[in-house]
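User: I am new to this structure and would like to learn how to read its features one at a time. Please take me through them.

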Amino acid sequence: MTEYKSDLIKTLVSRGYLNQATDIEGLDEAAASQPVTGYIGFDITADSLHVGSLVQIMMLRRMQQAGHKPIILVGTGTTKIGDPSGKDQSRKMQTDADIAANKVGILKAFGKLLTIGDGPTDAIVVDNDEWLSKFGYLEFLREYGPHFTINRMMTFESVKLRLEREQPLTFLEFNYMLLQAVDFLELSRRYNCTLQLGGGDQWGNIINGVELCRRIDQKPVFGFTTPLITTASGAKMGKSESGAVWLNDDRLSPYEYWQFWRNTEDADVGRFLRLFTDVPLGEIAELETAEGAELNQVKVRLANEATAMLHGAKAAKEAEETARATFASGGSGGALPSFEIDTAALSDGVPVLSLLTGAGFADSNGEAKRLVKGGGVRVNGEVVADPQAVVTTKDLVDGAIKVSAGKKRHALGKLA
């Protein structure tokens with residue numbers, strides 16, 4: 001096994017972040033001799049990132065912990081084009097107003113997981129619209145077009161997959177890899193950035209940037225990608241049975257976030273502790289030996305660590321207590337996600353199906369009806385067998401009605 005010199009590469013490799021790297025020995029030498037500046041780009045297609053992006057943020061956190069400087073590159077410019085990587089069809093085009101609002105939203109998570117500021121290892125936020133919006137079309141083509149060949153671009157996975165599936169790849173999207181390469185060049189010139197990190201699906205785009213920096217400025221720079229993070233059963237990271245696992249608490253409550261980690265598959269616990277928490281590796285090795293009831297306690301540890309990192313220790317503790325009250329004693333812990341029930345309507349009776357859609361457990365009455373018929377719906381802990389059942393004011397317990405779908409989804413309906 002290779003003995004690395006730098007704390008950064010030792011950490012990234014030992015905790016499971018390495019998929020591919022352009023010159024890992026050279027990067028290790030650079031990181032061992034001086035602080036390295038590295039970046040990851042985040043396009044702003046929604047007003048919150050989700051758990052699928054968390055491994056990337058954690059790599060920036062590892063950089064900072066090892067004494068290096070992270071750049072959070074916000075892709076206002078590239079979002080206007082849309083990254084075709086891993087997609088069967090074009091992304092929905094967003095307005096400038098949507099992009100600006102989303103930018104505010106996605107930056108919330110970074111401030112919780114990284115130290116952002118002016119210090120030598122503080123993360124900085126940079127927007128690629130600063131340079132991409134300044135280019136004229138002919139200027140861009142003359143400056144950078146000669147450094148890219150269609151032959152090479154056609155070999156990249158993001159292009160090949162789309163064409164193999166006979167899905168159209170627009171010329172707009174085809175330009176995305178050029179823009180990302182120019183991002184690396186600009187960051188190299190402006191901030192002496194020598195490292196781009198990203199997910200495995202970004203390998204082709206990262207290679208383009210590395211080669212562009214070397215061709216134009218003869219500057220040695222590096223690329224590093226993570227493996228695609230999937231669960232032991234093969235599911236893509238970032239989804240739960242109730243939808244996307246958002247990082248912002250206005251999109252997903254700390255309790256639901258905690259539950260996502262608590263429900264980790266047995267085979268994933270050690271890996272997720274390494275990737276998504278700061279628990280020391282030696283301690284993780286001991287925790288991985290747990291079985292049965294002890295393993296469930298390790299999952300609680302994972303949930304507490306991950307939730308405290310993003311939402312704070314208080315939120316993690318409240319989530320654990322709520323889970324204990326909900327599952328162990330049949331209570332309705334105060335940290336459960338909530339939704340509104342119209343007070344006037346409750347007097348006449350609100351259908352249980354409406355509770356299920358209001359809680360977000362079903363997208364339609366038809367889907368809610370199927371949940372009831374499947375026997376997994378409970379109101380205040382009592383199984384509901386009749387799809388036509390209604391709740392009224394007499395069902396209020398401490399001013400709320402608890403609705404459950406299956407063993408893991410619970411919410412409180414509170415009076416509007």
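User: Where does Asn192 lie?

Analyst: This is a predicted model. In it, Asn192 belongs to the loop between helix H11 (176-191) and S5. Its phi is positive, about 55°, although Asn192 is not a glycine. Asn192 counts as partly exposed because its relative accessibility is 48%.

User: Which loop holds Gln218, and is Gln218 buried or exposed?

Analyst: Gln218 sits in the loop between H12 and strand S6 (222-226). With 59% relative accessibility, Gln218 counts as exposed, since the cut-off for that class is over 50%. Phi of Gln218 is also positive, near 50°, in a residue other than glycine.

User: How should I read a loop residue such as Gln202?

Analyst: Start with the place in the chain, then the cover, then the partners. Gln202 lies in the loop between strand S5 (195-199) and helix H12 (203-217). Its relative accessible area is 13%, so Gln202 is buried. The side chain of Gln202 makes a polar contact with the side chain of Asn205, at 3.0 Å.

User: What should I look for when strands form a sheet?

Analyst: Strands of a sheet pair through backbone hydrogen bonds, either parallel or antiparallel. A parallel case here is S2 with strand S3 (residues 69-75), joined by seven bridges. Within that pairing, Ile40 has Ile72 in S3 as its bridge partner. Strand S2 (residues 37-43) is mostly covered, with six of its seven residues buried.

User: In what order do the five strands of the open sheet stand?

Analyst: The order is S9-S15-S14-S11-S12, and the pairing is mixed. Strand S9 (338-341) and strand S12 (382-383) each have a single partner strand, so they stand at the edges, and one side of each is left without a neighbour in the sheet. For an antiparallel pairing, take strand S11 (residues 377-379) and S12, which are joined over two bridges. There, Val379 has Glu382 in S12 as its bridge partner.

User: How many aromatic pairs does the structure hold?

Analyst: The structure holds 10 aromatic pairs. One of them joins Phe135 and Phe140, edge-to-face, with 5.3 Å centre to centre and 75° between the planes. Phe140 is buried, with a relative accessible area of 8%. Phe260 and Trp261 also form an edge-to-face pair, 5.1 Å centre to centre and 75° between the planes. Phe260 counts as buried at 14% relative accessibility, and Trp261 counts as buried at 0%. Ring pairs also make a cluster of Tyr257, Phe260, Trp261, Phe272 and Phe276.

User: Which ring does the charged end of Arg251 sit over?

Analyst: The charged end of Arg251 sits over the ring of Trp246, 3.9 Å from the ring centre.

User: Which residues touch the most other members of the largest nonpolar core?

Analyst: They are Phe42, Phe224, Tyr257, Trp261 and Phe276, in a core of 70 residues. H16 gives the largest share of this core, eight residues. Leaving out residues up to four places away in sequence, the residues that Trp261 touches include Val51, Leu54, Met237, Phe272 and Phe276. A second, separate core has 30 residues, among them Phe156, Val159, Cys193 and Leu212.

User: What does Asn304 contact beyond its neighbours within four places in sequence?

Analyst: Asn304 is in contact with Trp258, Ala316 and Glu320. With Trp258, there is a polar contact between the two side chains, at 2.7 Å. Asn304 is found in helix H16 (residues 292-311). Its relative accessibility is 19%, under the cut-off of 20%, so Asn304 counts as buried.

User: Is His311 buried or exposed?

Analyst: His311 is buried, with a relative accessible area of 16%. Like the previous example, His311 is found in helix H16. Apart from residues up to four places away in sequence, His311 touches Lys112, Leu247, Asp249, Pro254 and Tyr257.

Key
Residues numbered from 1 in each chain as written. Predicted model: local features only at pLDDT ≥ 70, side-chain atom pairs only at ≥ 80, totals over all residues. Heavy atoms only, no water. Helix = DSSP H or I, 4+ residues; strand = E, 2+ residues; numbered from the N terminus. Buried < 20%, exposed > 50% of the residue type's maximum accessible area, 1.4 Å probe, protein only. Polar contact = N/O pair within 3.5 Å; in protein donor to acceptor, adjacent residues only side chain to side chain. Contact = heavy atoms within 4.5 Å. Pairing = 2+ DSSP bridges. Phe/Tyr/Trp six-rings, centres within 6.5 Å; stacked < 30°, edge-to-face > 60°. Lys NZ or Arg CZ within 6 Å of the ring centre and 35° of its normal. Core = buried A, V, L, I, M, F, W, Y, C linked by side-chain atoms within 4.5 Å.
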